[in-house]
Amino acid sequence: MITLEHIYWIMGLLAGGVAIVNLRDHTNPKRYNNAIFWGLYALTFLIGSRLPHFANGCLVIGMVLVASIGKLGQGAGESATREQREASAARWGNRLFIPALTIPAVTLLGTFVLKGAQLHGVPLVDQKQITSISLGLATVVALAVGMVMLRPPALAPLHEARRLWDSVGWAAVLPQMLASLGALFAVAGVGKVVAGLAERWIPLGSPLVAVVTYTVGMALFTMIMGNAFAAFPVMTAGIGLPLIVARFGGDVVVMASVGMLSGFCGTLMTPMAANYNIVPAVLLELPDEYAVIKAQIPTALILLTVNTFIMYLFVYRRA
């Protein structure tokens, strides 16, 4: 049976490959630091589930020490010149989007096709993680499609992954770190504190106010934390479950799904989501590092309003 652990192994192999490529890059003055950082990252995927929590914590602390004290760097070499990239783009045109569009298409297909699929009476994939597994498999399929289309050198995906990860740096692992922090906050009871503050200052006696508090709270807490996955356990434990579900009888599935979308609206409006908002500005060499955020704020506010109405219309509606 294919489980999420197998997807972790693929990710670990990629991170390990990036570490090796960095180690062999003599143009990068920080090549040893990069190799250690991505090597430790690879270990968290390859053997993290088999290590005690203390050992995993030590791996993370090691990554932090390398990134903060030793710093990360970038090599000088590129796999293709600007002229070569422009010529390739002109040749392929919009067909370059085919590998990228393969990912959502295969993910959606896998979510439906693999649901209930069995081999000798055993589920083919872990049904609890079917969407995440389908996404992981979709990236592999998209890579194969890109390789067949473009016919680059065999190691080009690894070198391009190294180039992108080194450009992003430590921010590449920020979503996982913040998601872990959100889980830690939930265990520590931060959700109860948030609920207490909300009940003290906000009149939560109506279903509509509860929904608005939850969706807006998801966006605001995401802006503070930088990641919706970190805000979700706190806001859901503090507002979503006790109020929308328990007190007013809302549908937990609708609440959770639309709540996450509301959190993503906050992601669009915060520099704390550096990997999404600051890094692209740096890669595109924009004069204003907050240009991406400024362009996204109107869309984020509109989407947050729409998500709030959608939740209110459907979360209390029972089939």
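Asp25, Arg162 and Asp166 are linked in a network of salt bridges, a salt bridge being a side-chain nitrogen of Lys or Arg within 4 Å of a carboxyl oxygen of Asp or Glu. I'll start with that network and then go through the chain as a whole.

First, the ground rules. This is a predicted model, in which local features need pLDDT of at least 70 and side-chain atom pairs count only at pLDDT 80 or more, while totals for chains, interfaces and linings use all residues. Residues are numbered from 1 along each chain as its sequence is written, and side-chain values use heavy atoms, with hydrogens and water left out. pLDDT itself is the predictor's confidence in each residue, from 0 to 100.

Arginine 162 pairs with aspartate 25, with 2.9 Å between the closest N and O atoms. That pair links distant parts of the chain, 137 residues apart: arginine 162 sits in helix α7, residues 156–168, and aspartate 25 in the loop between α1 (4–23) and α2 (31–46). Helices here are DSSP runs of H or I, at least four residues, and strands are runs of E, at least two, numbered from the N terminus.

The other partner of arginine 162 in this network is aspartate 166, and here the closest N and O atoms are 3.8 Å apart. These two residues are four apart in helix α7, so about one helical turn separates them.

Buried means under 20% relative accessible area, exposed over 50%, and partly exposed in between, with a 1.4 Å probe and protein chains only.

Helix α7 also holds glutamate 160 and arginine 163, three residues apart, about one turn of the helix. Their side chains form a salt bridge, 2.9 Å from N to O. Glutamate 160 is partly exposed at 26%, and arginine 163 is partly exposed at 41%. The count of salt bridges by this rule comes to five.

Now the whole chain. It has 14 helices and two strands. Its radius of gyration, taken over C-alpha atoms, is 22 Å, close to the 20 Å that the globule rule gives for 319 residues, so the chain is as compact as a globular protein of that length. The globule rule is 2.2 Å times the number of residues to the power 0.38. Along the principal axes, the C-alpha atoms fill a box of roughly 65 × 50 × 45 Å.

Of the 319 residues, 37% count as buried. The chain exposes about 18,100 Å², of which carbon and sulfur atoms supply 71%; areas come from the Shrake-Rupley method with a 1.4 Å probe. Among contacts between residues at least 6 apart in sequence, 71% join residues at least 24 apart, contact meaning heavy atoms within 4.5 Å.

On confidence, the mean pLDDT of the chain is 86, and 97% of its residues reach 70 or more. Confidence is lowest in helix α9, residues 190–201, at a mean of 72, and highest in α14, at 94. Where pLDDT is low, the predicted coordinates should not be read in detail.

Valine 306 and valine 148 are 158 residues apart in sequence and 41 Å apart in space, C-alpha to C-alpha.
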